[in-house]
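Here is a short report on one protein model. Keep the sequence and the 3D view open as you read.

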Amino acid sequence: MSLRDFFMSYIFMDESGCLGFDFTKANTSKYFIITFVCVPSKRPIEKIVKRIFSDMEKPERQRLGSALHANKATMRMRMKLLHQLHEKSDTAIMLIRLNKQKVYTNLHDEKHVLYNYIINILLDRIFSKKLVPLDDVVHLIASRRETNRFLNENFKSYLSREINSNHQIKIDVSVKTPAEEKGLQIADFVSWATFRKYENKDESYYNIIKHLVVEDAVLFRG
């Protein structure tokens with residue numbers, strides 16, 4: 001059975017890295033990565049998060065709070081979650097990484113343009129691969145992060161309007177916290193693993209879920 005046998009009704013979106021361009025600062029990343037985790041139903045991946053939490057000792061649960069975050073997790077927890085996601089063959093992962101050192105200088109101060117551009121490219125890839133149903137609502141749920149100030153009501157209205165007119169697909173766009181949507185916690189680990197591969201040259205985590213990746217593209221390759 002291939003991914004074309006599934007319709008992805010839920011798209012969870014997360015990001016890694018920053019959109020800063022001052023490379024003299026130690027915390028400025030070389031890449032900015034946006035990740036889509038697409039699933040026909042969110043219940044199976046929610047169960048992964050629940051199992052991880054149920055296996056924790058109380059001190060660790062208290063340390064992590066109400067949501068799993070890859071940058072706070074132990075190596076064992078990261079591996080465990082990604083290996084469980086590995087088994088979800090009806091999951092499709094789509095990635096776009098922005099090579100920030102190759103971005104045109106005039107776009108450095110147009111972060112909202114860059115952000116919208118990246119999102120639209122990923123969504124267009126999803127539609128061109130026919131991963132979403134044509135006659136039902138697709139739910140795009142974005143993680144509330146630093147750059148989600150660009151995901152305001154105007155952006156959401158624009159995105160819905162563009163998709164509905166260009167692809168005749170109904171889409172519901174929302175911005176939530178990982179505590180509110182467990183699927184965003186899965187997307188966080190996938191995004192972290194991808195960022196780890198490209199920013200830190202460590203492929204050990206990414207390789208676990210590599211077979212689920214249907215798109216891994218780079219912008220401004222140079």
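## Strands, cores and a helix crossing

In strand 4, M13 has A142 as its bridge partner. This is a predicted model. A second bridge of this kind links F12 to I141, also in strand 4.

Start with strand 1. Strand 1 and strand 4 pair in the parallel sense, over 4 bridges. Strand 1 also pairs with strand 2, in the antiparallel sense, over 8 bridges. Here D14 stands opposite T35 of strand 2. Strand 4 has a further partner in strand 5: the two run parallel and are joined by 7 bridges.

| Strands | Sense | Bridges |
|---|---|---|
| Strand 1 and strand 2 | antiparallel | 8 bridges |
| Strand 1 and strand 4 | parallel | 4 bridges |
| Strand 4 and strand 5 | parallel | 7 bridges |

Why is strand 1 described as largely enclosed by the rest of the structure? Of its 8 residues, 6 are buried, so the rest of the structure largely encloses strand 1.

Now turn to the nonpolar residues. In soluble globular proteins, nonpolar side chains tend to be buried together. The largest nonpolar core in this model has 35 residues. Which of them touch the most other members? They are I11, I34, F36, L98 and I126. Several elements give two or more residues to this core, including strand 1 (10–17), strand 2 (31–39), strand 4 (137–143) and strand 5 (170–176). Helix 4 gives the most, with 9 residues.

Look at L98 in detail. Leaving out residues up to four places away in sequence, L98 touches L19, K30, Y31, F32, V103, L114, I118, L219 and F220.

Next come two helices. Two packed helices are described by the angle between their axes and the distance between the axes. For helix 1 (residues 43–54) and helix 6, the axes come within 8 Å and cross at roughly 80°. Angles of 65 to 115 degrees count as roughly perpendicular. Helix 1 and helix 6 are therefore roughly perpendicular to each other. On the helix 1 side, the contact is made by I45, E46, I48, V49, K50 and F53. Helix 6 brings K182, G183, Q185 and I186.

Is Q185 buried or exposed? Q185 is buried, because its relative accessible area is 1%, and the cut-off for buried is under 20%. Q185 sits in helix 6 (residues 182–200). Not counting residues up to four places away in sequence, Q185 touches V49, F53, S66, A67, L68, P178 and A179.

Finally, check the cysteines. How many disulfides does the structure hold? The count is 0. C18 counts as buried because its relative accessibility is 17%, again with under 20% as the cut-off. C38 is buried as well, with a relative accessible area of 1%.

Technical notes: Residues are numbered from 1 along each chain as its sequence is written. This is a predicted model: local features need pLDDT of at least 70, side-chain atom pairs count only at pLDDT 80 or more; totals for chains, interfaces and linings use all residues. Side-chain values use heavy atoms; hydrogens and water are left out. A nonpolar core is a set of buried Ala, Val, Leu, Ile, Met, Phe, Trp, Tyr and Cys residues joined through side-chain atoms within 4.5 Å. Buried means under 20% relative accessible area, exposed over 50%, partly exposed in between (1.4 Å probe, protein chains only). Contact means heavy atoms within 4.5 Å. Two strands pair if DSSP finds at least two bridges between them. A disulfide is a pair of cysteine sulfur atoms within 2.5 Å. Axes are lines fitted to C-alpha atoms, for helices over the stretch in contact, and angles run from 0 to 180 degrees between N-to-C directions. Angles under 35 degrees count as roughly parallel, over 145 as roughly antiparallel, 65 to 115 as roughly perpendicular and the rest as oblique.
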